[in-house]
Amino acid sequence: MPLERTLSIIKPDATKRNITGKINAKLEEAGLRIVAQKRIRMTKAQAEGFYAVHEARPFFNDLCNAMSSAPVVVQVLESENAIAKNREIMGSTNPATADAGTIRKEFGVNIQDNSVHGSDSLENAKIEIAYFFRPEEIVG
Ligand code: CMP
C-alpha cells in the first residue's frame, strides 16, 4: 500500500496545557511519522479560511476564535493509510463519546476544544497540507 499524508493540528487547548509531546507520542506509537511540523499562531482570518466548509454552522465563529486564541502545532503525518489511522487514534469529534485510548478521550476538553484536527479524506488532506506547508518543508 502506498504512503499517504494527512494534515494534523494540535489545537490551542492542548498547546496551552503543554501536552504537545504527549500527543505526538500517541501519533508515533500508532505508526504515524511526523514529516513536517511547525508551531504557529493563526490569525482569525486564517482560521476562517481553514474551516470555510463549516461557515454556515452555528459553532463557526466560536471555533475560529478558539483556533486563533493561542498557538497551534500544524503537522504533516505520513504512513500507509495515514488518514484513517490518524482519525482512529484521534477518536470521534466529541471527547465525551470518543473511544477509550484515543487522543480526544484522553486529552479533549469538550466538542470544540477537542485537542486535535485531522483531515477526513485524501482530497481534503492535499488542500489542508498546502494551506500550511510548502512542498520543501515536508521531509519524508
Ligand atoms: P475538527 O475535527 O477540527 O473539525 C471541525 C471542528 O469544529 C471540530 O473539530 C470541533 O473543534 C468543532 N466542532 C464540531 N462540531 C461542533 C459542535 N457541535 N459544537 C462546537 N464545536 C464543534
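1. Ser115 sits in the loop between helix α6 (103-107) and strand β4 (116-118), where helices (H or I, at least four residues) and strands (E, at least two) are DSSP runs numbered from the N terminus. The phi of Ser115 is near 70°, a positive value in a residue other than glycine. Most residues other than glycine have a negative phi. Ser115 is buried, with a relative accessible area of 0%; buried means under 20% relative accessible area, exposed over 50%, and partly exposed in between, with a 1.4 Å probe and protein chains only.

2. Please keep in mind that this is a predicted model, in which local features need pLDDT of at least 70 and side-chain atom pairs count only at pLDDT 80 or more, while totals for chains, interfaces and linings use all residues. Residues are numbered from 1 along each chain as its sequence is written, and side-chain values use heavy atoms, with hydrogens and water left out.

3. Asn18 also has a positive phi, of about 60°, although it is not a glycine, and its place is in the loop between α1 (12-16) and α2 (20-29). Is Asn18 buried or exposed? Asn18 is exposed, with a relative accessible area of 69%.

4. Thr15 lies in helix α1 and is buried, with a relative accessible area of 7%. Leaving aside residues up to four places away in sequence, Thr15 touches Ile10, Thr20, Arg39, Ala70, Pro71, Val72 and Val73, a contact being heavy atoms within 4.5 Å.

5. The largest nonpolar core has 20 residues, and those with the most contacts inside it are Ile9, Met42, Met67, Phe132 and Phe133. Such a core is a set of buried Ala, Val, Leu, Ile, Met, Phe, Trp, Tyr and Cys residues joined through side-chain atoms within 4.5 Å. At least two residues of this core come from each of β1 (3-10), β2 (33-40), α3 (44-50), α4 (60-67), β3 (72-80) and α7 (122-132), and α4 gives the most, with four residues. Apart from this core lies another, of 14 residues, among them Ala14, Ala82, Ile89 and Ile103. In soluble globular proteins, nonpolar side chains tend to be buried together.

6. How many aromatic pairs does a search of the whole structure find? The search finds four, with rings of Phe, Tyr and Trp (its six-membered ring) pairing if their centres lie within 6.5 Å, and with planes under 30 degrees apart counted as stacked, over 60 as edge-to-face and the rest as tilted. The rings of Tyr131 and Phe132 have centres 5.1 Å apart and planes at 80°, so this pair is edge-to-face. Tyr131 is partly exposed, with a relative accessible area of 34%, whereas Phe132 is buried at 7%. Phe50, Tyr51, Tyr131 and Phe132 form one aromatic cluster.

7. The residues surrounding the ligand include Lys11, Tyr51, His54, Arg104, Gln112 and Asn114, each with a heavy atom within 4 Å of it. A polar side-chain atom of Arg104 lies 3.1 Å from a ligand oxygen atom, a backbone N or O atom of Gln112 lies 2.8 Å from a ligand oxygen atom, and a side-chain N or O atom of Asn114 is 3.3 Å from a ligand oxygen atom.

Note on methods
Polar contact = N/O pair within 3.5 Å; in protein donor to acceptor, adjacent residues only side chain to side chain.
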